[in-house]
Amino acid sequence: MYKISLITGDGIGPELSESAISVLNTIHDKLDLKFDITKLSAGDKALSETGKALPDETVENIKQSDVCLKAPVGESAADVIVVLRRMLDLYANIRPAKSYPHMPALRDDIDLVIVRENTEDLYTGKEFSLGDSAVALRIISEKASKRIAKYAFETAKQRDSMRKVTCVHKSNVMRVTDGLFAKSCIDVSKDYPDITFEEMYVDACAMNLIRQPEQFDVVVTTNLFGDILSDESSQVVGGLGMAPAANIGDKFALFEPVHGAAFDIAGQNMANPSSFLLSIKMMLDWLGNKHNDSKCIDVGQKLESTIFDLVKSGVKTKDIGGDKTTSEFTKQIVENIS
Ligand code: ATP
């Protein structure tokens, strides 16, 4: 039995959470993989109700669980996910971008993963006013840079792909901070002679993700660049509605969609739950590897292929060119899982 803490979030978060619970309950009943799910609050609603975007009780529950699933939260995201990433030392943000068939994608031959450093850069919140100026501190350490570089090379080693790591930075402008990040990646690359290593400036990477996305395998980069590039790579393969993510540390992990709370479509039963369901697939892989539980990995593969087959058959939500509601799409997934 795996204990899952589930932050239900804001905007489309509660709708995605209902979809996730239905699918997890189905896996529990039909495939005999047991979960104990605790719903937790964090985000804008929690802030207005309790005065805290990340209530202590939520943090305690997360710490007692085996793994956390987090639906998107709204304006208070920085007080929730950025805090959790640092508090739980979830240093690797993994954002795959994979082509699925029958999608309104720019390209259908993409299989890349962005490995984003998750604990420092401009996300440490060290901002202040100085006279008539506003200043933000960009923190890059050798320790965190080498740690994420190692994670990227290990990811490339395990992938059934071209075994290449692209280190993305802007060291021609940010010579000290990105200079350190690039040097750390170069140092780590020497331990992986069988994996191709290249460097690329972030502006060139943004262009190449449109021009030649098939050239990428594993992209390793700093926190802010990773956030921006992963929205772009998601769009290249069909949009945020299909984009899952993982936040991984040495002891714990949290899984969430790449996208935000999407208030423009909230409460309308039109969100694509695939981003969250594919995050569950990533969660099952992580649990399976951590606990040496091959059943978890098999069930994750089943879930991904159920989504894949459904989309292929034309059963899709509106964002990817279909006409199914969130609940209709979820119902089909639940019926098709076997
Ligand atoms: P944030 O800055 O918190 O990441 P954002 O302002 O970039 O948020 P998102 O909430 O990520 O905005 O959504 C961007 C757009 O993508 C929205 O207009 C929304 O309609 C669409 N979108 C996001 N997620 C989904 C989804 N699961 N299904 C359908 N459309 C989505």
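Which residue forms a salt bridge with Glu142, and how far apart are the closest N and O atoms? In this predicted model, local features need pLDDT of at least 70 and side-chain atom pairs count only at pLDDT 80 or more, whereas totals for chains, interfaces and linings use all residues. Residues are numbered from 1 along each chain as its sequence is written, and side-chain values use heavy atoms, with hydrogens and water left out.

The partner of Glu142 is Lys146, the closest N and O atoms of this salt bridge being 2.9 Å apart. A salt bridge is defined here as a side-chain nitrogen of Lys or Arg within 4 Å of a carboxyl oxygen of Asp or Glu. Both residues belong to helix α5 (residues 142-158), where a separation of 4 residues places them about one turn of the helix apart. Glu142 is partly exposed, with a relative accessible area of 41%, and Lys146 is also partly exposed, at 29% (buried, under 20%; exposed, over 50%; partly exposed, in between; 1.4 Å probe, protein chains only).

Across the whole structure, 24 salt bridges are found. One of them joins Asp227 to Arg95, with the closest N and O atoms 3.2 Å apart. Because Asp227 lies in helix α8 (residues 223-236) and Arg95 in strand β4 (residues 92-98), the pair ties together parts that are 132 residues apart in sequence. Helices (H or I, at least four residues) and strands (E, at least two) are DSSP runs, numbered from the N terminus. Arg95 is buried, at 4% relative accessibility, while Asp227 is partly exposed, at 24%. A further salt bridge connects Lys324 with Asp323, the closest N and O atoms being 3.8 Å apart; Lys324 is partly exposed at 30%, and Asp323 is exposed at 62%.

Helix packing was examined for α10 (residues 294-312) and α11 (residues 326-336), which pack at an angle of about 125° with their axes 10 Å apart. Axes are lines fitted to C-alpha atoms, for helices over the stretch in contact, and angles run from 0 to 180 degrees between N-to-C directions. The arrangement of α10 relative to α11 is therefore oblique (under 35 degrees, roughly parallel; over 145, roughly antiparallel; 65 to 115, roughly perpendicular; the rest, oblique). Leu303, Thr306, Ile307, Leu310 and Val311 in α10 meet Phe329, Gln332, Ile333 and Asn336 in α11, contact meaning heavy atoms within 4.5 Å.
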